[in-house]
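Here are a few notes to read alongside the structure.

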Amino acid sequence: MVSLVLALAACTSATPATAPAAPAPSPDGIGRVASEKAARHAGTLFRAGTGGHFCSATVVDGGGADLVVTAAHCVTSGPGLAAYADLEYAPAYRNGTAPYGVWKAARVTVDPRWTEHADPDLDVAFIELAPRDGQRVTDVVDAQRIAFGTPGRGTVRLTGYPDGADDPLTCLGTMTQRADGQLRVACTGYAAGTSGTPWLTDFEPGTHTWAVVGVIGGFQLGGDTDDVSYSPYFGPDVQHLYQQAVQGA
């Protein structure tokens with residue numbers, strides 16, 4: 001059974017992270033991801049028994065918790081539990097298969113300002129995944145780093161799953177920050193289904209991990225067109241939400 005954590009995401013002080021460097025060139029270029037290995041940093045959300053994916057997400061380092069980050073509007077539009085009691089995550093979903101298995105949600109952490117007021121700056125959710133066959137999801141795919149207080153500009157990589165697509169779409173784009181703090185990037189073809197797509201930068205070759213600095217969501221629920229996407233800024237409130245998810249409070 002999934003329990004909802006309505007995190008009291010009061011503003012907390014946060015030390016700004018070091019400015020992320022531009023990512024290394026994509027190993028599979030811009031377009032469809034070439035292999036399941038190349039797409040291990042991304043995945044899809046399903047509802048058990050429905051067969052079709054509806055949002056994108058990625059595994060992030062949660063210490064003792066196996067967490068994926070996505071958009072809050074992917075998991076709930078209100079305070080009830082029924083909307084996400086059957087959530088499942090498939091990392092590196094490709095060609096209609098889940099090469100690293102399907103993982104069930106055990107807990108969802110969202111901010112009450114999202115559930116009560118749909119605050120676009122808090123359109124972020126963390127999903128804790130239950131173990132599967134005695135394994136954690138981080139035993140089979142790498143967890144990405146998560147960064148807060150970054151400059152909100154520079155090159156980012158997006159890898160997400162449009163509705164009906166059997167493999168993910170990846171793009172390198174230039175991230176900018178709007179006057180209201182929301183992040184913006186122009187990447188073609190990010191249609192319905194790509195909500196929750198991670199915004200990645202600062203690739204570390206030694207660990208083969210990226211820093212997640214945003215997810216498609218926020219302003220216009222991530223964008224009214226397929227060619228421009230938005231993300232809430234990962235500042236103190238999102239950092240506090242993440243800490244709530246890690247602690248399982």
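1. The protein chain has an accessible surface of about 10000 Å², and 52% of that belongs to carbon and sulfur atoms (Shrake-Rupley method, 1.4 Å probe; for residues, only the protein chains shown count as cover). Of its 249 residues, 52% count as buried, meaning under 20% relative accessible area with a 1.4 Å probe, protein chains only.

2. A word on the source: this is a predicted model, where local features need pLDDT of at least 70 and side-chain atom pairs count only at pLDDT 80 or more, while totals for chains, interfaces and linings use all residues. Residues are numbered from 1 along each chain as its sequence is written, and side-chain values use heavy atoms, with hydrogens and water left out.

3. You will find two helices and 15 strands in the protein chain (DSSP runs numbered from the N terminus: helices are H or I, at least four residues; strands are E, at least two).

4. The largest nonpolar core has 25 residues, and L45, V68, V75, Y89, I127 and L129 have the most contacts inside it. Such a core is a set of buried Ala, Val, Leu, Ile, Met, Phe, Trp, Tyr and Cys residues joined through side-chain atoms within 4.5 Å. Its largest share, four residues, comes from β7. Another core, of 17 residues, lies apart from it and includes I146, F148, V238 and L241.

5. Have a look at V137, in the loop between β8 (125-129) and β9 (145-146). V137 counts as buried because its relative accessibility is 0%. Leaving out residues up to four places away in sequence, V137 touches V59, D66, P91, W103 and L129 (contact: heavy atoms within 4.5 Å).

Conventions:
Buried means under 20% relative accessible area, exposed over 50%, partly exposed in between (1.4 Å probe, protein chains only).
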